[in-house]
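I opened my notebook to look up one chain. Here is what I wanted to see first.

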Amino acid sequence: MHDYKLIEAMARVVLEGGFEKAARVLNISQSAVSQRVKLLEEQAGQVLLSRTAPPSPTRAGEIFLAHYFKVAHLETDLAGTLAPSADEGFHTLAVGVNADSLETWLLPGLAAFLREERLLLDFCVDDQDETLRFLKSGETVGCITSSPEPVQGCRVAYLGAMAYRMVASPAFAERWFPGGFGAESAARAPAVLFNRKDELHERFLRTWLTDPPGAFPRHFIPSSVSVVITIVQGMGYGLVPMQQASPLLATGALTDVAPGREILVPLYWHAWNVKSALLERFSRQLVEGARRTLLQPVPGESR
C-alpha cells in the first residue's frame, strides 16, 4: 500500500502547477515535496510526473491522481456524515460541464439546492464531447457529456437534449446567404466555433447538406456567451442553443439561416459509483433539473 502523503504531494504538484507552489500549500519545503514524489515513483517503479512547466502526470500518474481525488472526496463526505454541524465548512465538488449547459439550464436547476447545501462547485469546462476526460483522469467526481458509454467505476444517467439552430445577424445573412443556405455559401461564410475540438458545426453541415464543404473559414471563440455576441455583431454565423437563440430570434437580433433544420445534442450525467451522500444528492438534483428543462427526445435524434 502506498503512503497517502506521497500521493498527496504528487497530486499537489499537478494541481498547483509546480513543486514550489505545492510546497507552500503543504507547508513543507520544496525539497521535501521532490523527495516524496521521487519515493512514490520508486515504489511505483515508473515515472509519474513529466518534469515540464507546469508538471503533468504520465498515464500512471493519472491513476494515482484519480485515487487521490476519490480519497479526498470520500474523506470530506465521511466527515460531514459523522459530525454534521451548521457551522462546519463548505464541501467542494469538482464537476466537468460543457460551456453551453453552464450558460443556460445548469445553474438555475441547481440554485435551490446550493442555497440549502454548504457546497462549493469547481467547474472544469470544455466542449460536451471532451468533458469525459475530466472524469477519466479523476479530476472531477462527475461530468456532463454527450457520450452515453459508461466509464468503468461510474454510473450514467440520461439528462435530455439541447436543440441548436444555425443563426446569424440579418445583415450577415443578407450578405453571405442571399440565395439561401447551401454548400457553396457555407464554404465561403465565416463560421463561429467554440474551439478546435468543436465538431458540431460540421455535424450540422453533414446532416443537412447533400454535398457539405470540406473546409470553411472559422473563428474560434472559447466562450459560449462570446460565441453569441460574435454572431449578433455580424462577425460570423453558427450554432446556438435555443435557450440562448429564442429571445434573439424573437427580437430580430438574429435570423435562422436554415429554417426548419436543427440538431439535437443528447447529454448524459456520469458520476463516480461510490457511496457518497453528498454526491448522491447533487446527482439527483442535477438530473431532475435537467429533465425539467431539456428536451426529452430519443437520444441521437436530429430534426
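Why is strand β3 (residues 91-98) largely enclosed by the rest of the structure? I counted its residues: 7 of the 8 are buried, so the rest of the structure largely encloses β3. Buried means under 20% relative accessible area, exposed over 50%, and partly exposed in between, with a 1.4 Å probe and protein chains only. Strands (E, at least two residues) and helices (H or I, at least four) are DSSP runs, numbered from the N terminus.

**Ground rules.** This is a predicted model, where local features need pLDDT of at least 70 and side-chain atom pairs count only at pLDDT 80 or more, while totals for chains, interfaces and linings use all residues. Residues are numbered from 1 along each chain as its sequence is written, and side-chain values use heavy atoms, with hydrogens and water left out.

**Neighbours of β3.** I looked up its pairing next. Two strands pair if DSSP finds at least two bridges between them. β3 pairs with strand β4 (residues 119-126) in the parallel sense, over 8 bridges. Asn98 has Asp126 of β4 as its bridge partner. β3 also pairs in the parallel sense with strand β5 (residues 142-145), over 2 bridges. There, Gly96 is bridged to Cys143.

**Largest pocket.** A pocket is an open set of points on a 1 Å grid over the protein atoms alone, where a 1.4 Å probe fits and protein lies on both sides within 12 Å along at least five of seven lines; lining residues have an atom within 4 Å of a point. The largest pocket holds about 490 Å³, a volume being the space filled by probe spheres set on the points. I found 22 lining residues; nearest the centre are Leu15, Phe69, Ala94, Asp122 and Glu139. Which elements each supply at least two lining residues? They are α1 (4-16), α4 (59-82), β3, β4 and α7 (132-136). α4 gives the most, with 6 residues.

**Second largest pocket.** This one holds about 200 Å³. Its lining has 13 residues, and Ala66, Lys70, Leu135, Lys136 and Gln152 are closest to its centre. α4 and α7 each supply at least two of the lining residues. The largest share, 5 residues, comes from α4.

**Whole chain.** I noted 13 helices and 11 strands. Of the 303 residues, 48% are buried. The C-alpha atoms fill a box of roughly 70 × 40 × 30 Å, taken along the principal axes.
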